[in-house]
Amino acid sequence: MHSSIPRTGLRTGTNHLFIPGPTNVPEPVRRAMNVAMEDQRGPEFGALGLGILADLKRIFRTETARVILYPGSGTGAWEAAITNTLNPGDRVVMARHGQFSTLWAEMATRLGLEVDLIDVAWGAGVPVSEVTRRLAADRKGAIKAVFVTHNETATGVTSDIAAVRRALDDCFHDALLFVDGVSSVGSIDFRMDDWGVDLAVTGSQKGLMCPAGLGILAVSPKALKASDASTMRRAYFEFRDFAMLADTGYFPYTPPTQLLHGLRAALDRIQAEGLDTVLSRHARLAEGVRRAVAAWGLQTCAEHPSLASNTVTAIRVPEGVDAREVIRIGHQRYNTSFGSGLSRLAGKVFRIGHLGDLNEGMCLTALAVAEMALVEAGADIDFGSGVAAAQAWYAQGHSTQSLKIAAE
Ligand SMILES: Cc1ncc(COP(=O)(O)O)c(C=O)c1O
């Protein structure tokens, strides 16, 4: 019925990258990185560092936090956040509802924290009422931090950070609020100051449209104060060493200069588009993907529409279909990469990443290829059904569709 998979190894056209990070690096960002090596202690370099820090603050929507960058990735930034502000044996509360919140909890345990886990379904959001219950019961202030994965990339679920902040405030609890914004910052509404986030963590390779290689943190004044009292072992990730970067734009060790030029160009693009427009574009594109999933008669992993992520949709395949096959066919036959189902979701879901440098036509390509891969993998869906549903939505031109998590 179908033509055979190309045997030559030659792949024509472009690879369509629909994993939820690394995302497509726009051509101007790639070009900005194609520069000669330079003296990272030379007279001009400091201005590059200072400009990037100032503009990243806008992306985190903070005026008060200090931004810190490490050569590394989101995982390194998790570790920096923990080791700089907490103490061995500290109790922290966190929900486990997908692969990334699971890994973060494992890291916290490995670093010697006492992790008070709240296990919920993979597809649920952070259970704010249970967080509130645990905070309210903690009369002696043993809980030192609440960790929240803003956007669980494994399940395509966005949790309500403002509600977690309210829970802390309602309980008069002064635990630090840690937020993993690896797949939300720069693409889903994120408000460091308004939500009273103490440590926000992200990486360069998702909403920031750069290659992987930078772990990025925003650290509130309260978290900086906590770092003075923290006795956890750290060396490379010492926040204090970064005072130099904040004040002069120079790094305490050799920075990835090309990546920083790429980040500069990416930040320029976000500013040219306008952060609010970037966020509403993500909301609009994501809604088209969700409408396609509904038209196929399939379910998202997100348990409720209010939880659905604007950066990634995890799609449950029908009974009898192996999601790994959908991904394999997409890649081998159509040169299109979808995200896999991670850990316990392997074979059950495939993910369409829709973040970063993306537009309607690109999403329609993802949906058209997904339809072909789903059908070949055995799903009973009509060609064009999802594409048509997304087209109908995109053609309405809802450029100012309201953001999923409205400003409080
Ligand atoms: C929500 C979330 N947290 C953390 C990570 C880990 O980040 P990195 O792979 O940059 O170390 C990822 C990676 O995809 C993620 O999606």
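Trainee: How many helices and strands does the secondary structure of the chain come to?
Mentor: This is a predicted model, in which local features need pLDDT of at least 70, side-chain atom pairs count only at pLDDT 80 or more, and totals for chains, interfaces and linings use all residues. Residues are numbered from 1 along each chain as its sequence is written. Counting DSSP runs from the N terminus (helices are H or I, at least four residues; strands are E, at least two), the secondary structure of the chain comes to 13 helices and 14 strands.

Trainee: Are α5 and α6 roughly parallel or roughly antiparallel to each other?
Mentor: Helix α5 (residues 128-137) and helix α6 (residues 161-170) have axes 9 Å apart and an angle of about 20°, taken from 0 to 180 degrees between N-to-C directions of lines fitted to C-alpha atoms over the stretch in contact. Angles under 35 degrees count as roughly parallel, over 145 as roughly antiparallel, 65 to 115 as roughly perpendicular and the rest as oblique. The pair α5 and α6 is therefore roughly parallel.

Trainee: Which residues in α6 does α5 meet?
Mentor: On the side of α5, the residues in contact (C-beta atoms, placed from the backbone, within 7 Å) are V128, V131, T132 and L135. By class, this contact has seven nonpolar, one polar and one charged residues. The partners in α6 are A163, V164, A167, L168 and D170.

Trainee: At what angle do α10 and α13 pack?
Mentor: Helix α10 (residues 275-296) and helix α13 (residues 385-395) have their axes 7 Å apart, and their contact includes W296 in α10 as well as W393 and Y394 in α13. By class, that contact has eleven nonpolar, three polar and two charged residues. The two helices pack at an angle of about 145°.

Trainee: What is the orientation of α11 to α12?
Mentor: Helix α11 (residues 323-334) and helix α12 (residues 360-376) pack with their axes 8 Å apart, at an angle of about 120°. That angle makes α11, relative to α12, oblique.

Trainee: Which residues in α11 meet α12?
Mentor: In α12, the residues of this contact are V369, A370, M372, A373, L374 and E376. By class, the contact has eight nonpolar, one polar and one charged residues. The residues in α11 are V326, I329, G330 and Y334.

Trainee: Which residue does a cis peptide bond join to G21?
Mentor: Most peptide bonds are trans. Here omega is about 0°, in the loop between β1 (16-18) and α1 (27-33). The residue joined to G21 is P22.

Trainee: Which residue has a positive phi although it is not a glycine?
Mentor: Its place is in the loop between α6 and β8 (176-180). With a phi of about 50°, the residue is F172.

Trainee: Which residues come nearest to the ligand?
Mentor: The shell around the ligand divides into three nonpolar, nine polar and one charged residues. Of the 13 residues around the ligand (C-beta atom, placed from the backbone, within 6 Å), those that come nearest are S73, G74, T75, T153 and V182.

Key
Nonpolar A, V, L, I, M, F, W, Y, C, P; charged D, E, K, R; others polar. Contact = placed C-beta atoms within 7 Å.
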